[in-house]
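Subject: Structure for your review, with notes

Dear colleague,

I am passing on the structure we spoke about, and I would be glad if you could look through it alongside the notes below.

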Amino acid sequence: MTEVSGLPFSVLMCVYRGDDPEHLREALDSVTVEQTRRPAQVVLVQDGPVPTPLDEAIQRLVAGAVVPVELVRLPVNRGLGVALTAGLARCAHDVVARMDADDIALPERFAVQLPVIERGADVVGSGMLEIGRGRDDVVGRRVPPLTPERIVESSRMAQPFNHPTVVYRRSAVEAAGGYQDFKQMEDYLLFARMIQGGARVANVADPLLCYRVGEGAYARRGGWSMLRTELALQRRFLRMGFTTPAQCVRNVLVRGVYRLVPEQLRRVAYGAIMARRGER
């Protein structure tokens, strides 16, 4: 039986031209039909024009959803930070769960995470499984740092949350300045600002989401463009006072090298680091 007690919450998803219609269907079903604790609303942001098959799938899914879905269409593709900001403005509830349009939430995700928010956390993430061709093709697991102390400590070096898994209070996000247009790093910058502002943070070890690792996933984390973004982020952290000069130098060396090593080595290193984050 679906649980309906407790705080009402919204789910915030973004879709763009590169998303697969079937993956979107699986993602939307996983946060509505399949959940033991369903949201009161889904906000789906379409970030720019999409191909006809995806557009038709969006219309069909919105019309047939078991919970109200508000579709927000942006006329041009602006990137995830801008799309999430537009979506947050349309969320009817202070508690908001993030979800990507190609991932799969496990049925107990919200039943596990919402009580953590109801006990006072401003943001809570979880572990997640990396999958290949489908939910049964598990290729890896990411374990986040688990205690508030470890979350704060590790945030000076790496993103302390698996962004697609987070549930947060919109008021806490807005107090930290919201999402900013910072290519592929908008989530890390937001959570750093929230932590710096004293947000109450939490993670659960349970893998509550299946994260698709498609072709090119690790390639996109490297290269000169990502190195430039990395350096810009580290400069921002230093100016904010979020990191010390010594931490900044360490991050530039470690994270900068990571951006430039061959893809296969990056895959191995990333998997080893992520798998151990919650064990320390």
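The notes below go from the whole chain to individual contacts.

This is a predicted model, in which local features need pLDDT of at least 70 and side-chain atom pairs count only at pLDDT 80 or more, while totals for chains, interfaces and linings use all residues. Residues are numbered from 1 along each chain as its sequence is written, and side-chain values use heavy atoms, with hydrogens and water left out.

Overall picture

The chain holds ten helices and nine strands, where helices (H or I, at least four residues) and strands (E, at least two) are DSSP runs numbered from the N terminus. Of its 280 residues, 53% count as buried; here buried stands for under 20% relative accessible area, exposed for over 50%, and partly exposed for the range in between, with a 1.4 Å probe and protein chains only. Taking the contacts (heavy atoms within 4.5 Å) between residues at least 6 apart in sequence, 81% join residues at least 24 apart. The chain exposes about 12400 Å², of which carbon and sulfur atoms supply 56%; accessible areas come from the Shrake-Rupley method with a 1.4 Å probe, and for residues only the protein chains shown count as cover.

Salt bridges

With a salt bridge taken as a side-chain nitrogen of Lys or Arg within 4 Å of a carboxyl oxygen of Asp or Glu, the count comes to 15. In one of them, Glu22 is bonded to Arg25 with the closest N and O atoms 2.5 Å apart, and the two residues are three apart in helix α1 (residues 21-31), which separates them by about one helical turn. Glu22 is partly exposed at 38% relative accessibility, and Arg25 is partly exposed at 31%.

Asp55 and Arg73 form a salt bridge whose closest N and O atoms are 3.2 Å apart; this pair links distant parts of the chain, with Asp55 in helix α2 (residues 52-64) and Arg73 in strand β3 (residues 69-74), 18 residues apart. Arg73 has a relative accessible area of 40% and is partly exposed.

Arg150 and Glu153 are joined at 3.4 Å between the closest N and O atoms, and both lie in helix α5 (residues 148-155), three residues and about one turn of the helix apart. Arg150 is buried, with a relative accessible area of 13%, whereas Glu153 is partly exposed at 49%. Finally, a network of salt bridges links Glu26, Glu34, Arg135 and Arg212.

Aromatic rings

Rings of Phe, Tyr and Trp (its six-membered ring) are paired if their centres lie within 6.5 Å, with planes under 30 degrees apart counted as stacked, over 60 as edge-to-face and the rest as tilted; by this rule there are four aromatic pairs. The pair of Phe237 and Phe242 is tilted, at 5.1 Å centre to centre and 55° between the planes, and both Phe237 and Phe242 are buried. Ring pairs join these two residues and Tyr188 into a cluster. Arg156 lies over the face of Phe242, at 4.3 Å from the ring centre, the rule being that NZ of Lys or CZ of Arg is within 6 Å of the ring centre and within 35 degrees of the ring normal.

Gly198, whose phi is positive and near 90°, follows α7.

Gly256 is placed in helix α9 (residues 245-260) and is buried, with a relative accessible area of 5%. Its C-alpha atom is separated by 8.8 Å from that of Met226, 30 residues apart along the chain. Leaving aside neighbours within four places in sequence, Gly256 is in contact with Leu227 and Asn251.

Leu253 also has its place in helix α9, but is exposed, with a relative accessible area of 54%. Together with Val249 and Val254, Leu253 makes a nonpolar surface patch of about 270 Å²; patches are made of residues with over 30% relative accessible area and no salt bridge, like charges being joined within 9 Å and nonpolar side chains (Val, Leu, Ile, Met, Phe, Trp, Tyr) within 5 Å.
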